[in-house]
Amino acid sequence: FAATLGILRELGKKVLASFRMNDAHFTSIQNPHVSEFWKQHAKLALGPAYGYYGGCLNYAFDVVRAHFFDRVVEFADLYPEIDGIELDAMRSPFFFSPGKGPEHAPLFTELVRQIKAALAAQARRLNRPDYLLSTNVPLTPELALECGLDVAAWDAERLFDYVSVGSYQTDMDHPIERWKKLLV
């Protein structure tokens, strides 16, 4: 990573490290590439209701959110020269049991607050500008909230510098006007 970051810096490019917040890849005990954390917490997976995404971890559990937070902070500690972090909550956009996204959205928002605060504290320690924080969320505000992503609350608290809405192998007709009404 350090070599790549150096090259991009020389080219005058901003560098954000992108973290997929949940990932369906390698989520099987039989897979030799499954992470140790996943092996130890396989019972915290979302389960068959999500089909392919069933191996993703359930963010309703403190240990799952703490693990993700620790990985982001660890990366920023290892590579303080990055300009920021992107939290990719779109590619595997399921974080809570079916129907529980809006109810558990405050848990996710608190995680985002903690990440923002940790990055700000590190920036102060290093006497550097604040890290940028970006997020990639599902296509519509309603779908994002159903997944437990309260983008309006994040915007109200100014937790992000950039929000990108996207689709993953689906319709590319982005409802930008709905997002403009929701976000300040």
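Me: Which residues are linked with E110 in a network of salt bridges?

Reply: In this predicted model, E110, R113 and E157 are linked in a network of salt bridges.

Me: What makes R113 and E110 a salt bridge?

Reply: The closest N and O atoms of R113 and E110 are 2.6 Å apart. A salt bridge needs a side-chain nitrogen of Lys or Arg within 4 Å of a carboxyl oxygen of Asp or Glu, so the pair qualifies.

Me: Why are R113 and E110 separated by about one helical turn?

Reply: Because they are three residues apart in helix α4.

Me: Why is R113 called partly exposed?

Reply: Its relative accessibility is 31%. Buried means under 20% and exposed over 50%, so R113 falls in between. E110, at 33%, is also partly exposed.

Me: Why is D83 called buried?

Reply: D83 has 11% relative accessibility, and the cut-off for buried is under 20%, so D83 counts as buried.

Me: How do you know that D83 and R9 form a salt bridge?

Reply: Their side chains meet at 3.3 Å, N to O. The limit is 4 Å, so the pair counts as a salt bridge. D83 lies in the loop between α3 and β2, while R9 is in helix α1, 74 residues apart, and the pair links distant parts of the chain. R9, with a relative accessible area of 37%, is partly exposed.

Me: What makes E142 and R178 a salt bridge, and where do they lie?

Reply: The N to O distance is 2.5 Å. With the cut-off at 4 Å, the pair is therefore a salt bridge. E142 is in helix α5 and R178 in helix α7, 36 residues apart. E142 is partly exposed at 48% relative accessibility, and R178 is partly exposed at 41%.

Me: How many salt bridges does a search of the whole structure find?

Reply: The search finds eleven.

Me: Which residues touch the most other members of the largest nonpolar core?

Reply: L87 and L149 do, in a core of 43 residues. Helix α4 supplies the largest share of this core, seven residues. Leaving out residues up to four places away in sequence, L87 touches F19, F68, V112 and L133, among others.

Me: Which residues lie nearest the centre of the largest pocket?

Reply: Of the 21 lining residues, R20, D23, S35, L57 and H67 lie nearest the centre. The pocket holds about 460 Å³ of space. The largest share of its lining, four residues, comes from α3.

Me: How do the lining residues of the largest pocket divide?

Reply: Eleven are nonpolar, seven polar and three charged.

Definitions and conventions. Residues are numbered from 1 along each chain as its sequence is written. This is a predicted model: local features need pLDDT of at least 70, side-chain atom pairs count only at pLDDT 80 or more; totals for chains, interfaces and linings use all residues. Side-chain values use heavy atoms; hydrogens and water are left out. A nonpolar core is a set of buried Ala, Val, Leu, Ile, Met, Phe, Trp, Tyr and Cys residues joined through side-chain atoms within 4.5 Å. Buried means under 20% relative accessible area, exposed over 50%, partly exposed in between (1.4 Å probe, protein chains only). Helices (H or I, at least four residues) and strands (E, at least two) are DSSP runs, numbered from the N terminus. Contact means heavy atoms within 4.5 Å. On a 1 Å grid over the protein atoms alone, a cavity is a set of points where a 1.4 Å probe fits but cannot get out, and a pocket is an open set with protein on both sides within 12 Å along at least five of seven lines; lining residues have an atom within 4 Å of a point. Grid points are joined across faces, edges and corners, and a volume is the space filled by probe spheres set on the points. Ala, Val, Leu, Ile, Met, Phe, Trp, Tyr, Cys and Pro count as nonpolar, Asp, Glu, Lys and Arg as charged, and the others, Gly among them, as polar.
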